[in-house]
Amino acid sequence: MNLPGYRSSGATAPYGNLLASHDVAMEGYFWRFTLPESGRVVIALAGINRAADGHWSTLAVAAHPGGFLSDTEYPGGYADPDRLGAYADNAFRGTTDQVHADLETARLDVRISNQRFWPRRRFGGSSYFQSVPALNQYWHPWLLGGRAEGAAIIDGETWDLTGAQVYGEKNWGKGGFPESWWWGQAQGFTDPNACIAFAGGQISAGPLRTEVTAVVVALPDGTVFRLGNPVTSPVTTVVADDRWTLHGRNHLWSVEIEGSAPLSDAHILPVPLPAQRRNVPGALEHLGATLTVTVRRRGAVYWTDTSHLAALEHGGLDRAQSEVTRREQIAPDL
């Protein structure tokens with residue numbers, strides 16, 4: 001196997017390094033900070049994108065409540081080829097233990113400790129699909145818990161993020177994002193050690209096209225499991241404008257997830273068109289949604305809880321542009 005060529009296709013061998021850059025068209029990095037006591041959530045994202053004439057970055061900080069979003073197309077960017085790291089000069093630095101952003105109307109300076117990393121296993125969040133070359137998208141939730149220390153300045157107001165629960169993930173692909181996708185993540189449960197994440201959409205590689213959803217559950221007792229292999233642990237998903245319903249199972253575990261949020265409350269987040277060096281509206285993401293999860297072990301309820309600070313996303317360029325247009329049409333009446 002030509003390992004460098006194999007990896008530059010986006011694929012990762014079993015037990016391979018999922019955090020380092022693959023140097024594909026888009027390397028995406030995402031952190032989420034949840035403060036249950038204050039009802040606040042802050043997210044930071046960086047897309048290190050490759051165009052014909054070099055790299056550029058999609059950078060954003062968003063916050064709940066209030067619907068705040070600051071985003072930009074930054075002219076440079078660097079994704080670490082050895083470890084998790086996203087850099088855009090002084091505008092953004094993100095690693096496994098710190099995130100710093102300095103955007104026009106938002107600043108973020110946070111250190112992360114007490115990390116609950118993805119356990120070392122043969123595969124990551126994308127399961128055996130991570131080994132398939134040239135897929136349009138791969139996903140890995142590398143951080144399933146942690147403690148933040150630091151602050152954010154959101155439109156001139158300082159938000160203390162010390163004590164926030166932290167989640168981190170990485171996604172990458174040969175051409176940006178799929179045509180359609182759905183995603184969710186939740187902390188802020190009764191037990192701060194609990195964490196839920198899921199991601200699904202249309203994946204393709206040449207003539208191969210299929211629809212897959214992966215669900216990752218980190219339970220309060222330390223157990224971590226993943227569902228979403230089409231044969232051994234299938235997940236069915238129904239997503240509408242304001243509701244997300246997932247059911248998954250394997251021989252031991254089953255999961256039911258019900259999420260809801262009004263469409264009008266969603267942030268409209270940017271996604272990159274890497275070759276064109278520009279961002280476009282692409283993801284309708286809620287930062288303060290309601291999500292209820294029920295986990296069963298051999299048919300008996302093992303854990304159930306509800307978060308009111310969940311993230312729920314429905315993605316797609318056409319869908320996002322339709323919502324942009326709808327909001328523009330009603331704005332004169334507000």
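On a 1 Å grid over the protein atoms alone, a pocket is an open set of points with protein on both sides within 12 Å along at least five of seven lines, and its lining residues have an atom within 4 Å of a point. What you have open is a predicted model, in which local features need pLDDT of at least 70, side-chain atom pairs count only at pLDDT 80 or more, and totals for chains, interfaces and linings use all residues. Residues are numbered from 1 along each chain as its sequence is written, and side-chain values use heavy atoms, with hydrogens and water left out.

**First stop: the largest pocket.** Select Trp118, Arg121, Phe123, Gly124, Ser127, Phe225, Arg226, Asn229, Thr232, Ser233, Asn250 and His251, which line the largest pocket. The space in this pocket is about 290 Å³, where a volume is the space filled by probe spheres set on the grid points, joined across faces, edges and corners. Its lining divides into three nonpolar, seven polar and two charged residues, with Ala, Val, Leu, Ile, Met, Phe, Trp, Tyr, Cys and Pro counted as nonpolar, Asp, Glu, Lys and Arg as charged, and the others, Gly among them, as polar.

Stay with Ser127, which is found in the loop between β9 and β10; strands (E, at least two residues) are DSSP runs numbered from the N terminus. Ser127 has a positive phi of about 55° although it is not a glycine. Is Ser127 buried or exposed? Ser127 counts as buried because its relative accessibility is 6%, the cut-offs being under 20% relative accessible area for buried, over 50% for exposed and partly exposed in between, with a 1.4 Å probe and protein chains only.

**Second stop: the cavity.** The structure holds one cavity of 30 Å³ or more, a cavity being a set of grid points where a 1.4 Å probe fits but cannot get out. About 590 Å³ of space lies in the largest cavity, and of the 36 residues that line it, the closest to its centre are Gln137, Trp139, Glu169, Asn171 and Phe177. By class, this lining has 23 nonpolar, nine polar and four charged residues.

Now select Gln137, whose place is also in the loop between β9 and β10. Gln137 counts as buried because its relative accessibility is 13%. With which side chain does the side chain of Gln137 make a polar contact? The partner is the side chain of Asn171, at 2.5 Å; a polar contact is a pair of N or O atoms within 3.5 Å, where, within protein, one must be able to donate a hydrogen and the other to accept it, and residues adjacent in sequence count only if both atoms are side-chain atoms.

**Third stop: the nonpolar core.** A nonpolar core is a set of buried Ala, Val, Leu, Ile, Met, Phe, Trp, Tyr and Cys residues joined through side-chain atoms within 4.5 Å. Of the 34 residues in the largest one, Trp31, Phe33, Val61, Phe92, Val99, Leu108 and Leu161 touch the most other members. Strands that each supply at least two residues of this core include β1 (26-35), β2 (40-51) and β3 (54-64). A second, separate core of 27 residues includes Val41, Val216, Val224 and Val280.

**Last stop: two backbone details.** A cis peptide bond, with omega about 5°, joins His64 and Pro65, and Pro65 is found in the loop between β3 and β4 (68-74). Finally, select Arg277, in the loop between β21 (267-273) and β22 (278-297), where phi is near 55°, a positive value in a residue other than glycine.

Definitions and conventions: Helices (H or I, at least four residues) and strands (E, at least two) are DSSP runs, numbered from the N terminus.
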